[in-house]
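Please read them with the structure open.

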Amino acid sequence: MEKNKGCEIWAIGGGKGGTGKSFITSSIGAHLAAKGKRVVLIDADWGGANLHSFFGVNRPQNSLSDFFEKKVPLKSLIMNCGISGLGLIMGNLPSLDSGDIKYAQKIKFFNHVKMLDADYILIDLGAGSHNNTMDTFLLADKMIVVIIPEITSIENMYHFIKNVFFRKLKVVLNSHGLKDSVNDAWKNRGIHGIKTLKELIAYLAGISPHIKDIIDKEMSDFRMHIILNQIRSSRDITVGTSIKSVCLKFLGMHTQYAGYIEYDNCVTSCINKKQQYMLTYPFSHVAKSIGRLSDNLIYVKEVTAATDEYSPGRL
Amino acid sequence: MNIPPEDYNKYFEILELGYNAPLSEVRSSYLRLRALYSSDSIVTSAIIYEFPDDSKQAILDQIDEAYAKLREFFKDKEADHGYKERPSVAGSDIEEYLANVTAFSGPALKMIRERLVVELKDIANFTKIRRQYFEDIELERFEALPTEVYLRGYVVEYARYLSLDPARVAGDYMARYRTWKTTRGNRS
Ligand SMILES: Nc1ncnc2c1ncn2[C@@H]1O[C@H](COP(=O)(O)OP(=O)(O)O)[C@@H](O)[C@H]1O
Ligand SMILES: [Mg+2]
């Protein structure tokens, strides 16, 4: 199966519920569609699928469970959500919520996703560090986490990044026939004096130069893109730059600070009035921020510390 | 010193900069990181519990070392090329100067800022507070400045930007302001 040329898959997930993942997925989707891109959104928040609400449309009849259980082609599950160029595939997989989806099934799902005829495919993954979430995350071209400037959300994000990278290490070392090295190291962490991911990585890298090479490569390729949502003052903007620094200094992980979004009461009122935010308030600060961070994601650019361009000076 | 420039790359990395970053960026990155790891921000406290108590201090030491080394690097570059990115200040030892500051007066703040090669417009851009206020603060043109609550806020922002202890700076500065206010009150 060939990946549809030029199609990019972005997965939005991580951290806590309620940070704004679904709002942001719907908004980036609307923005890209308005720029003439063909976009498909997939609501893969197995537990709390609600992406359709951000378009003011009713819960659709068909969902991803038809793909998994009845082998309905993905393409026929795409529904119209009132914006030209933008399609939506509904999640809602109660029967799959409890257990792991088999890895082979996830790969198959992903191969079908890649064949969808679109420029961008955005997958809303929901909160938590379930294996289904992390594996889908790792298969995407861009991994995006949404956080808010609140200690619980930030803590959650560190946790999530560590879990995703741990998962990735397992999968990669597994594929090199080193299946048990990660598990063993972790299981016997008391003996090896391993308390943190950083120490685990150092321990594994010390086993052999071969493993060190693999890990070095994975670490330098591993990139999460961070979106800081619901900021209430321009001072909050620096939370993103600070997180970037902490990820590097404490976890050894590079991250991209893709952008920030202001808190706006109209977001909630739009949902309640069944209005699409980006169509209703296209000239708002939030809409402009969505546009800017979408460009940053496309071109892999980021917010830099306190540059003029990014200081809103309006909060 | 004849260390080839490649050896400085790790110091640029510690300050989270590209290898071609100019001195002005080295400085602002240093100040930003210093402020981050010497305070209790939500960003660090969300992870610090996993790490030993002295891990923030270790990071601060690294940052300080990198900054000191890079100042040398830029000083050498100036000497080699007879060129200066900014006037005169690259090598001056700010810590030593700070140790000798008894009170943060306007002129003392100005001196510190200039030694750090920070321009008023940098602070103004970052804080969104008018540049004029900062100039008046440094020149202690108290009559031109807004009322006490606002002024205190501006002084705190100024101190934060320079990674100075905001409480101490504002304490010193506002004491001077109040002295001026009472003498003025007595006169009129
Ligand atoms: N920038 C924002 N300003 C104001 N409210 C927001 C913003 N982003 C999200 N919200 C609100 O937060 C709530 C949770 O958002 P949602 O996208 O459903 O979060 P998640 O998908 O991460 O669980 C929604 O009710 C939405 O109205
Ligand atoms: Mg959601």
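1. Start in chain B. Just after helix α8(B), B:Glu140 takes a positive phi of about 50 degrees. The helix itself covers residues 131-138, and its buried residues are B:Tyr133, B:Phe134, B:Asp136, B:Ile137 and B:Glu138. Buried means under 20% relative accessible area, exposed over 50%, and partly exposed in between (1.4 Å probe, protein chains only). Helices (H or I, at least four residues) and strands (E, at least two) are DSSP runs, numbered from the N terminus.

2. A word on the basis. This is a predicted model, in which local features need pLDDT of at least 70 and side-chain atom pairs count only at pLDDT 80 or more, while totals for chains, interfaces and linings use all residues. Residues are numbered from 1 along each chain as its sequence is written, chains are lettered from A and ligands numbered from 1 in the order in which they are written, and side-chain values use heavy atoms, with hydrogens and water left out.

3. Chain A has 14 helices and eight strands. An open sheet of eight strands, with mixed pairing, runs in the order β3-β4-β2-β5-β1-β6-β7-β8 (chain A). β3 (79-80) and β8 (255-262) of chain A stand at the edges with a single partner strand each, so one side of each has no neighbour in the sheet. Two strands count as paired if DSSP finds at least two bridges between them.

4. Which residues of β6(A) point which way? A:Lys142, A:Ile144 and A:Val146 point one way and A:Met143, A:Val145 and A:Ile147 the other, and all are buried. The strand, residues 142-147, is thus described as mostly covered, with six of its six residues buried.

5. β6(A) has parallel pairings with β1(A) (residues 8-13) over four bridges and with β7(A) (residues 224-231) over five bridges. A:Trp10 stands opposite A:Lys142, and A:Ile144 stands opposite A:His225.

6. For chain A as a whole, the radius of gyration (over C-alpha atoms) is 20 Å. This agrees with the value near 20 Å for a compact globule of 315 residues, the rule being 2.2 Å times the number of residues to the power 0.38. Of the 315 residues, 52% count as buried. Among contacts (heavy atoms within 4.5 Å) between residues at least 6 apart in sequence, 77% join residues at least 24 apart.
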